[in-house]
Every structure is written in C-alpha cells, then in structure tokens.
Amino acid sequence: RFHPIPTLRKVSISNSRLRMPSVLRSLAYGLNRCPALEDVKLAYCGLRDAELGMILSWELLPSDAAAAIAGMLLRSDTELESLNLTNQHPGECGGSLDLSLLGLALVSNDSLRDLDVSFNMLSSLDIQSLVASLAKNSGLRSLNLMKNALNDDGIRFIGKYLPRMKGLEQLDIMANRFSDVGSDAILEGLQMNVILSSIEMPRGYRAANQIDHLLNVNKGGRRLLGDDTGSPPCPPGLW
C-alpha cells in the first residue's frame, strides 16, 4: 500500500502500465492523503478514464478521469501546481480526454501553474472549455497542447480568447493540424495580449515572424503600461 506522506510534494509514475486494480487502489489511497502534493506526473501510463479517475479521486471514485481531475482541482485545500496527463490514450485504448469539467474547475482554481495534455489526440471541440476558462483563470502559466488534432477552428478559438487570457505565459501548439489561417488568428489575438511571451509552433507559417515580434515585445514589459480601465494595451509599434 502507498502510505500517505504529509510532506510529499512530487510524484512521477510516468511510463508505467498501472492496470492492476490492487495497484490503482493503493496509489489512490496514498496520493489523495498527501496534503502537500504539488506535482503529479502520470504521462504515458495508458490509463483509461475510469482508471485515471480512480487514482486522482479515491474518495468519490467517479466513473471517468475528467470528474476526478475536476474534483481534485476544486478542493479548497489543494496545492497542486503541476499536472502532466501526456498520452493517456495510446492507440490500443482509443478516445481522448474529456476536458470540459477540467475547464470548469480551472475557472475557480488558483493553484495550478502547469498543465500538460500533449499527445492525446484532442480535437478542436475538446479544448474549447479549457481555453475559455483561461479568460477567468489567472493562475495557469503554461499549457502544453502539443501533438493533438487541433485544426484551424481550434487555433482560431485560442486566438479569439487570447485578448482575454489573464495569466498564461507559455503555450505549446506544435505538431497539430492547422494552417496559415490558424497562425493568422494567433497573430490577431496577440495584438491585445500583453502576458503571453512564448509560443511553441512551427516556423513555416506566414505570420511566424510577426508573432515572434509580439512575443518579444511582451517579454519587454508591455504589460507595464496597462491599466484596469479596459483600454487597449500599448501598440507594439510604440513599445
């Protein structure tokens, strides 16, 4: 049995096949009784939703991972800062993570700083709730969406919300399925975003150089000229 450790802050169980019920229940019992836990890595475990849910929420044992993750983030005593859910659905399992509940939880969560949902074949529809939550969440600093199935619709959705994002500083959208149309949407959204300072994306898009320029301007402190009146940020050309 995984015994609770009151001072435990980081757990990495990546690249493991945790499919035995006894192992899952032992981990669930221990992880959910470590009050100081800040960093959980479950990458490349190939866990189905129900199995991942068992680990993350022992008390309720919900039927799917999404409810478990949301419940963990909604706990008033959570100190979780980093959550790595890379590649939970390799080919033999199929499907993708349901992020709708996670998005709802992030609206009121202020502890999580880094979220990695790369290599999950998430569609443009899958990420909408998550992206929309960043208009209200000011705590998340890094979001990794690398190697999913985001097309121009998904990237345009991200671009639409960029002006309203309050805390995100790093975004990874490498190895997705969007075109110049999507990169143009990112460029447009960045015009009104003074926080985001790093975007990992292919260099071949026509807007790549302009996007890099805006990111560098943000790194230089364009936010310092902002105010709380809702007025537009300082134009990049004047900074």
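# A viewer tour of the predicted model

Select Arg203 and Asp212: their side chains meet in a salt bridge, 2.2 Å from N to O. Keep in mind that this is a predicted model.

Select Glu38 and Arg9 next. They form a salt bridge, with the closest N and O atoms 2.6 Å apart. Colour the chain by position and follow it between the two. Arg9 sits in the segment before strand 1 (10–12), while Glu38 sits in the loop between helix 1 (21–31) and strand 2 (39–41). The two residues are 29 residues apart, so this pair links distant parts of the chain. Now show the surface. Is Glu38 buried or exposed? Glu38 counts as buried, at 19% relative accessibility, because the cut-off for buried is under 20%.

Move to Glu169 and Arg141. Here too there is a salt bridge, and the closest N and O atoms are 3.8 Å apart. Glu169 lies in the loop between helix 6 and strand 6, and Arg141 in the loop between helix 5 and strand 5. The pair therefore ties together parts that are 28 residues apart in sequence. Glu169 is partly exposed, with a relative accessible area of 27%. Arg141 is partly exposed as well, at 29%.

**A patch of positive charge**

Stay on the surface. Select Lys136, Lys160, Arg164 and Lys166. These residues gather in a patch of positive charge. Zoom in on Lys166. Where is Lys166 found? It is in the loop between helix 6 (152–161) and strand 6 (170–172). Lys166 has a relative accessible area of 48%, so it is partly exposed.

**Aromatic pairs**

Hide the surface and show the aromatic side chains. How many aromatic pairs does the count come to? The count comes to two. In one of them, Phe157 and Tyr161 have ring centres 5.0 Å apart and planes at 45°, so the pair is tilted. Phe157 is buried, with a relative accessible area of 16%. Tyr161 counts as buried too, at 12%.

Select Phe178 and Tyr205 for another aromatic pair. This pair is stacked, with 4.8 Å from centre to centre and 20° between the planes. Look at where the two rings come from. Phe178 lies in the loop between strand 6 and helix 7 (180–190). Tyr205 lies in the loop between strand 7 (198–200) and helix 8 (208–219). The pair therefore ties together parts that are 27 residues apart in sequence. Are Phe178 and Tyr205 buried or exposed? Phe178 is buried, with a relative accessible area of 7%. Tyr205 is buried at 15%.

**Two positive phi values**

Turn to the backbone. Most residues other than glycine have a negative phi. Select Met121. Its phi is near 55°, a positive value in a residue other than glycine. Met121 lies in the loop between strand 4 (114–116) and helix 5 (128–133). With a relative accessible area of 44%, Met121 is partly exposed.

Now select Lys147. Which value is its phi near? Phi of Lys147 is near 55°, again a positive value in a residue other than glycine. Lys147 is found in the loop between strand 5 (142–144) and helix 6. It counts as partly exposed, at 41% relative accessibility.

**Last stop**

Return to the loop between strand 4 and helix 5 and select Ser124, which is found there. Ser124 is buried, with a relative accessible area of 9%. Ser124 and Asp153 are 29 residues apart along the chain, yet 6.3 Å separates their C-alpha atoms.

How values were computed: Residues are numbered from 1 along each chain as its sequence is written. This is a predicted model: local features need pLDDT of at least 70, side-chain atom pairs count only at pLDDT 80 or more; totals for chains, interfaces and linings use all residues. Side-chain values use heavy atoms; hydrogens and water are left out. Patches are made of residues with over 30% relative accessible area and no salt bridge: like charges are joined within 9 Å, nonpolar side chains (Val, Leu, Ile, Met, Phe, Trp, Tyr) within 5 Å. Accessible areas come from the Shrake-Rupley method with a 1.4 Å probe; for residues, only the protein chains shown count as cover. A salt bridge is a side-chain nitrogen of Lys or Arg within 4 Å of a carboxyl oxygen of Asp or Glu. Lys and Arg count as positive and Asp and Glu as negative; His and the chain ends are not counted. The place of a charge is taken as NZ of Lys, CZ of Arg, CG of Asp or CD of Glu. Helices (H or I, at least four residues) and strands (E, at least two) are DSSP runs, numbered from the N terminus. Buried means under 20% relative accessible area, exposed over 50%, partly exposed in between (1.4 Å probe, protein chains only). Rings of Phe, Tyr and Trp (its six-membered ring) pair if their centres lie within 6.5 Å; planes under 30 degrees apart count as stacked, over 60 as edge-to-face and the rest as tilted.
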